[in-house]
Structures are given as C-alpha cells and as structure tokens.
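Good morning, colleagues. I would like to take a few minutes to go through one model, from its overall division down to its ligand site.

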Amino acid sequence: MSGIREVSELRRFQRIGAHTHVKGLGLDERLRAVRIKDGMVGQERAREAAGLVVEMIKQGKLAGKCIILAGPPGTGKTALAIAISRELGPNVPFIHLSASEVYSAERKKTEVLMDAMRRCIGVEIHEMREVYEGEVVELKINMVPHPYNPYQKVPESVRMRLRTTEEERTIEAGSHVAEQVIAYGITEGCVVQIDAETGRVVNLGICSESEKAKLYEIDARRRVPRPTGKVKKQKEFVYMLTLADLDEIHARRRRGGLFSLLFGFGGEAREIDPEVRAMVDEEVKRMVDEGRAYIHPGVLFIDDAHMLDLEAFSFLSRAMESELSPIIILATNRGFARIRGTDIESPFGFPLDLIDRAVIITTEEYDEDTIREILRIRAREEGINVSEDALAELTKIGARTSLRYAVQLLSLAAQNARVAKRDVVQVEDVRRVDELFMDVGEAAEYLRKHEEKMMKH
Ligand SMILES: Nc1ncnc2c1ncn2[C@@H]1O[C@H](COP(=O)(O)OP(=O)(O)OP(=O)(O)O)[C@@H](O)[C@H]1O
Ligand SMILES: [Mg+2]
C-alpha cells in the first residue's frame with residue numbers, strides 16, 4: 001500500500017549540554033563583570049581575571065603562559081573556560097582536552113599533547129601569486145587524436161578570451177590547463193582563475209553579469225561578479241592553517257616519496273616524525289621573518305588536569321618554553337593531592353615548578369542568590385517553566401548539596417511535571433524527585449549504613 005502522509009511539523013533534534021547556556025564572560029566594556037550576563041552569574045572576580053586573559057590572548061601577548069583554574073567541584077571552572085573560548089571567537093584556535101584523553105592505547109601521551117599543542121597554533125599565511133582572472137567569453141579547446149589510440153581524442157591546447165571590467169585578453173595554454181578546463185566543467189560565462197606559474201585552474205562560478213547566467217530558471221551554480229582590474233595581476237591569498245595542519249601536509253608529502261614509487265601510497269602513519277615538525281617550525285619562522293606569515297597562538301584547555309602524571313607535566317613545562325607555544329589553561333578541583341606517578345603531595349596535585357610558572361584563578365562556592373539565578377538560566381535554556389516556589393526549593397537543595405545536583409533535579413522535576421500533565425514545575429515535583437534520587441552525601445550515608453550487604457570485589 002502506498003499513500004501520502006502529511007507531516008504536520010518539523011521536529012528539530014535539540015541537544016542541551018551542561019554548558020550550552022554559556023555565551024561569553026558577561027563583562028562590560030571596562031572588563032567589569034555584570035552580575036548576570038551572557039549566561040554567566042556571579043563568580044565576578046574569576047570572570048574579570050579571565051577577561052584580562054582574553055584581552056592578552058587577543059593581542060598575542062600570552063603565548064607560552066599557563067593559567068590554572070582552581071576551585072571546588074561545580075563552581076564553574078569548565079564553564080569559565082568555555083566562556084573564554086566564546087569570547088576569543090572562531091579565529092583563535094581553542095582546543096578542549098580532558099586529561100584522561102591523553103592516555104590512549106595507540107599513541108604516546110607526549111604525542112597526544114604535542115599534537116594538541118600544535119593544533120592550537122594558528123598560522124596565517126599570505127602569499128602573492130600572479131594569476132590570470134576573468135570571465136570566459138570565448139573558449140576553444142584544441143583536440144587531437146590520442147597518440148596510442150587514434151579513435152580517442154585528447155585535449156592538446158586551449159585558447160580563451162578573458163574579460164574583466166577593464167579589459168579583454170586572449171590567452172593560450174597547453175594540455176595541462178586544457179585538461180583542467182574540461183575536468184572542472186568550465187564553459188563560456190564562467191569566471192576562472194589560472195595560476196601563472198603552476199597552471200592550476202579554479203572555477204570561481206558563473207559570472208552574474210553574463211548572458212549565460214540568465215539562461216536557466218533553476219541554476220545552482222555559484223554567481224560571482226565580473227573581476228575588476230587587469231586580466232593578469234598579482235593577487236594576495238590568505239590561508240588560515242595550524243601547525244598541526246602543516247605537519248600533516250609535510251608528512252604526507254614525505255610519505256608519498258619513495259614508498260609511493262614501490263608500493264603505492266605510504267599508508268597511514270599515526271604519529272608525526274619529530275624531524276617533520278622541526279622542518280615545519282623552521283619554515284614557519286622563516287615565513288614570519290619575511291613577513292609572509294603571522295602566528296596566532298591559541299589556547300589548549302586541559303580539563304581535570306590533576307589526572308595528568310609527572311611525565312606529562314614535565315612535558316608541558318618544557319613545551320611552554322618553546323617559541324611556538326599556545327596558552328595553556330589547566331583546570332583542577334583538587335586541594336593538596338598526590339602528583340600522579342609519584343608519592344609527592346603538592347597543591348592541586350601539580351608539580352611546584354609548573355605552579356610557579358602559572359597564574360592562578362580561583363573560583364568560589366556559590367551563595368543561594370547565585371544558585372537561583374543559574375537555575376533560572378538553565379530552566380530557560382531547557383525550555384522549562386518553573387514556579388518561583390519550586391525555584392526556591394531547588395535553590396535550597398542546591399545550597400545544601402551542590403549546584404550540579406540542583407541542575408539535575410530541575411530536569412527530573414520537569415519530567416515529573418510532564419508525566420503529571422502539568423505545564424509548570426511545582427514544589428511537589430521538586431520534592432518528589434529529591435526523594436527519589438540521592439545526592440552525593442545521601443549516597444555516602446546509604447553506603448555506610450548498608451556496608452556489610454554490599455559486594456567488595
Ligand atoms: N557562574 C556561572 N554562571 C552560569 N552557569 C554556571 C556558573 N558556574 C557554573 N555554571 C554551570 O554549573 C554547572 C557546573 O559547573 P562546571 O561544570 O563548570 O563546574 P567545574 O568547576 O568545572 O566542576 P568540576 O571540578 O567538577 O569539573 C555547569 O552546567 C555550568 O555551566
Ligand atoms: Mg569541570
């Protein structure tokens with residue numbers, strides 16, 4: 001049986017993560033924290049400190065520095081880091097790593113860290129190239145019989161007339177360009193760009209002023225204006241890459257070398273040769289000296305950094321001193337703790353020499369007012385209607401246990417209200433889910449009470 005069914009409404013898949021409400025640091029133009037702004041509430045001192053950090057990062061002044069975010073669980077360290085990344089915008093690389101990701105079975109931990117650090121260094125490369133650019137107004141491809149197969153024809157040369165707003169010029173090129181003209185479907189009316197040195201052809205789209213662009217009613221081709229200036233000109237190209245991208249490009253070129261002659265492609269190598277990195281560094285430095293490239297140091301944020309061990313820490317300390325190093329932000333909720341991989345206790349579970357190199361931003365426990373406002377923002381974010389009484393009850397629970405627990409209860413209470421066919425979450429919903437679920441304190445008490453009955457192994 002076949003039929004046509006009407007779909008009444010498009011449902012969008014919506015995901016709400018723990019930090020989706022965080023849109024920025026919420027500072028005014030003097031970098032003072034506004035109590036409630038951009039999804040952030042309270043924690044003014046830490047936010048203002050983060051604001052200064054953002055300014056310095058934007059000016060490229062903080063490369064190779066380390067910032068430690070320290071404070072009890074659930075006080076907004078991760079939220080703060082996310083706010084920093086939102087403030088930095090899309091052009092500054094920001095890599096969010098959890099310390100446990102460093103321990104993978106396939107790659108060395110120093111390799112994972114190294115790769116992450118290089119992904120945080122943006123390299124803006126400027127290149128001047130001589131190009132022919134214009135709308136194709138006449139195109140003639142000269143086809144000749146294939147040397148080994150006279151029944152097949154292959155392109156031998158191409159002759160095209162290019163037009164800009166200023167002039168028209170005819171150019172001729174050999175089979176290399178002619179093949180690309182065919183491969184990219186270039187016809188009259190297209191705007192092309194041909195590299196004068198390498199002969200690489202780019203089809204920029206259909207010229208919006210040309211007659212050909214008005215031919216069809218439905219036309220998915222990209223429309224571009226007719227190029228200005230001369231047909232042959234110097235043009236500046238800007239590429240945004242990261243050091244890791246450059247490593248990858250160089251490594252691939254190398255892998256392709258001898259291996260490709262014998263066995264095809266060199267296969268996937270999981271790790272990049274240190275020599276390749278050294279080469280890339282040299283090349284980038286040279287380009288920077290010549291004024292052809294600019295470095296944009298980004299941010300490597302390692303969450304739960306107390307999970308790193310001594311080796312990883314010493315690697316980070318050393319790497320921070322290299323010339324091409326990102327800003328490193330470490331978050332931890334530990335007080336005095338053992339450094340992983342040793343018997344030594346130290347603040348945050350970090351080695352002292354690393355702490356010495358860092359500036360520290362601390363976060364503080366929230367008061368009831370702040371908890372209520374964060375809950376209000378979360379409710380809005382999750383599309384939950386909640387009564388003032390229910391919010392007050394949740395706030396009380398949050399102050400007694402933790403902000404996280406209160407945020408969890410909010411979603412559960414909303415579910416409870418939905419089941420009871422109520423639009424607005426009431427106090428009874430909150431009380432009921434608080435009864436059904438446990439916070440950490442209650443769970444610990446429960447375990448102590450039933451210790452003998454629980455399995456130990
Ligand atoms: N000042 C704040 N404004 C708005 N939302 C906040 C604020 N602080 C925390 N939150 C939110 O509260 C929740 C818990 O905070 P977060 O995960 O950042 O804590 P944390 O300090 O990283 O804890 P942990 O040490 O356990 O990793 C998150 O959903 C976070 O977005
Ligand atoms: Mg966190």
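**Domains, sheet and ligand site**

The C-alpha centres of domain 1 and domain 2 lie 49 Å apart. Please keep in mind throughout that this is a predicted model. The protein is divided into domain 1, made of residues 36-120 + 298-362, then domain 2 (126-239), domain 3 (243-289) and domain 4 (368-449).

In what order do the five strands of the open sheet run? The order is 4-13-14-3-17, and the pairing is parallel. At the edges are strand 4 (94-98) and strand 17 (358-362), each of which pairs on one side only. On average, neighbouring strands of this sheet are turned by 20° against each other, direction ignored.

One pairing may be examined in detail. Strand 3, residues 66-70, runs parallel to strand 17 and is joined to strand 17 by five bridges. Within this pair, Ile68 stands opposite Ile360 in strand 17. Helix 1, residues 44-58, lies across strand 3, strand 13 (299-303), strand 14 (327-332) and strand 17. Relative to strand 17, helix 1 runs at about 145°.

I move next to a helix pair. Two packed helices are described by the angle between their axes and the distance between the axes. For helix 9 (residues 368-381) and helix 11, the axes come within 10 Å and cross at roughly 35°. The crossing of helix 9 with helix 11 is right-handed. Which residues meet there? From helix 9 they are Ile371, Ile374, Leu375, Arg378 and Ala379, and from helix 11 they are Leu403, Ala406, Val407 and Leu410. By class, this contact has eight nonpolar residues, one charged residue and no polar residues.

Finally, the ligand. How many residues surround ligand 1? There are 21, and the closest are Pro73, Gly76, Lys77, Thr78 and Asn333. Two or more residues of this shell come from each of strand 2 (40-41), helix 2 (77-88) and helix 11 (403-419). The shell around ligand 1 divides into nine nonpolar, ten polar and two charged residues.

Thank you for your attention.

Conventions. Residues are numbered from 1 along each chain as its sequence is written. Chains are lettered from A and ligands numbered from 1 in the order in which they are written. This is a predicted model: local features need pLDDT of at least 70, side-chain atom pairs count only at pLDDT 80 or more; totals for chains, interfaces and linings use all residues. A residue is near a molecule or strand if its C-beta atom, placed from the backbone, lies within 6 Å of it. Helices (H or I, at least four residues) and strands (E, at least two) are DSSP runs, numbered from the N terminus. Ala, Val, Leu, Ile, Met, Phe, Trp, Tyr, Cys and Pro count as nonpolar, Asp, Glu, Lys and Arg as charged, and the others, Gly among them, as polar. Two strands pair if DSSP finds at least two bridges between them. Axes are lines fitted to C-alpha atoms, for helices over the stretch in contact, and angles run from 0 to 180 degrees between N-to-C directions. Two residues are in contact if their C-beta atoms, placed from the backbone, lie within 7 Å. Domain bounds come from an automatic or database domain assignment. A crossing is left-handed if the near helix is turned anticlockwise from the far one by less than a right angle, and right-handed if clockwise.
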